[in-house]
Amino acid sequence: MKIITIFSGKGGTGKTTVSSCLAIMLSREQKIVTADCDVDAPNLGLSLGLKEKDYSSFIKIRASEKAVLIKEKCNGCKKCLNVCSFNAIEWDKKKNIPVFDNLLCEGCGTCKIVCPEDAIKLKKVENATISVGKAYGFGIVSGQLKMGESGSGRIVMEVKRKAMEIARKENAELILVDSAAGIGCPVIASLNGSDYVIAVTEPTPSALSDLKRGLKVVNHFGIPCGLVINKYDLNKEFSNKIETFANKNKMPILGKIPYDREFVNALVNLRPAVVYNKKFESLFISIIKNLNA
Ligand code: SF4
Ligand code: SF4
């Protein structure tokens, strides 16, 4: 089973549009499962036309911990008060006890370690939901972090684990991962274990700068990577710069996608662009050919 991850250093480059179109075209040749690992803002399902009611199962994930006070044990010594790096502890003067802010607590456990009375415990809390469904005949697993919750990297691992389970059951040959943008925890967890990375960028200085940062993470894992330049014709001069950068770094250009209002119309209509307008099919067939070259 192969894992291909679609990634971008910067948000808004069209990563999910590329993911949904590639998913459609690849699924016509082989059995695939898709995994939406952009757990802070998952929208691969939406771009494939799936609404919440269309998912067949929802799995609650408890991969985060929060500090909880055992009041009877607390002697009010205040040793825990100033140790929290996340400013999650306040003091209740009336009751003479610490108060933990659930939204700020990252479950690091420092307060528990310094407490001489063992009056703090770490309690597992639900921090995400994984939704499982089907679109256009292939499986989709989508992770969504709850508001203010931490542990996005662990949720991504859970999403990938579920996608692999489905892929094994369905004898799928490929898992297509739609990663979060940037270089944070969910991105690292998305890239880890991938066989190939498709980096999506656009011809702007900020996109190139973020691409360079992101590629450091990709290179750290030693994963082969190809590039897709989206909306390349909006700034052809800068697209050439990106191509020069890619050539220097021995990174193949898998495809160049022109700006087209129809991509926006497809998004608005909750349909992958290749389904909304068949003229886009050849673009993505050529990306897949380059991928297999
Ligand atoms: S567990 Fe860590 S983050 Fe949470 S309140 Fe204690 S010190 Fe702060
Ligand atoms: S360190 Fe422990 S005993 Fe002291 S105030 Fe905090 S919770 Fe209470």
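This is a predicted model: local features need pLDDT of at least 70, side-chain atom pairs count only at pLDDT 80 or more; totals for chains, interfaces and linings use all residues.
By class, the lining of the second largest pocket splits into six nonpolar, six polar and four charged residues. Four elements each give at least two residues to this lining: helix 2, strand 3 (57-61), strand 8 (128-135) and strand 9 (138-145). Helix 2 contributes the most, with three residues.

Now the largest pocket. Its space comes to about 420 Å³. The lining of the largest pocket has 25 residues, and those nearest its centre are Gly-14, Lys-15, Thr-16, Thr-17 and Leu-267. The lining consists of ten nonpolar, ten polar and five charged residues. Where do the lining residues come from? Helix 1 (15-27), helix 2 (44-47) and helix 8 (261-268) supply at least two each. Helix 1 has the largest share, four residues.

Next, the two ligands. Around ligand 1 there are 14 residues, and the closest are Cys-84, Cys-105, Glu-106, Cys-108 and Cys-111. By class, this shell has ten nonpolar, three polar and one charged residues. Ligand 2 is surrounded by 14 residues, with Cys-74, Cys-77, Lys-78, Cys-80 and Cys-115 the closest. How many charged residues are in the shell around ligand 2? There are three, along with nine nonpolar and two polar.

Last, helix 10. This helix covers residues 281-292, twelve in number. From first C-alpha to last, helix 10 reaches 17 Å, close to the 16 Å expected at 1.5 Å a residue. Which of its residues are buried? They are Glu-281, Leu-283, Phe-284, Ile-287, Ile-288 and Leu-291. Seen down the axis of helix 10, the buried residues fall within an arc of 165°, so they line one face of the helix. The spacing in the sequence is worth a look. An α-helix has 3.6 residues a turn, so residues three or four places apart point the same way. With that in mind, go back to the list and find Leu-283, Ile-287 and Leu-291, which are among the buried residues.

That is the end of my part.

How values were computed: Residues are numbered from 1 along each chain as its sequence is written. Chains are lettered from A and ligands numbered from 1 in the order in which they are written. Side-chain values use heavy atoms; hydrogens and water are left out. The expected span of a helix is 1.5 Å times one less than its number of residues. Buried means under 20% relative accessible area, exposed over 50%, partly exposed in between (1.4 Å probe, protein chains only). The arc is that of the directions from the helix axis to the C-beta atoms. A residue is near a molecule or strand if one of its heavy atoms lies within 4 Å of it. Ala, Val, Leu, Ile, Met, Phe, Trp, Tyr, Cys and Pro count as nonpolar, Asp, Glu, Lys and Arg as charged, and the others, Gly among them, as polar. On a 1 Å grid over the protein atoms alone, a cavity is a set of points where a 1.4 Å probe fits but cannot get out, and a pocket is an open set with protein on both sides within 12 Å along at least five of seven lines; lining residues have an atom within 4 Å of a point. Grid points are joined across faces, edges and corners, and a volume is the space filled by probe spheres set on the points.
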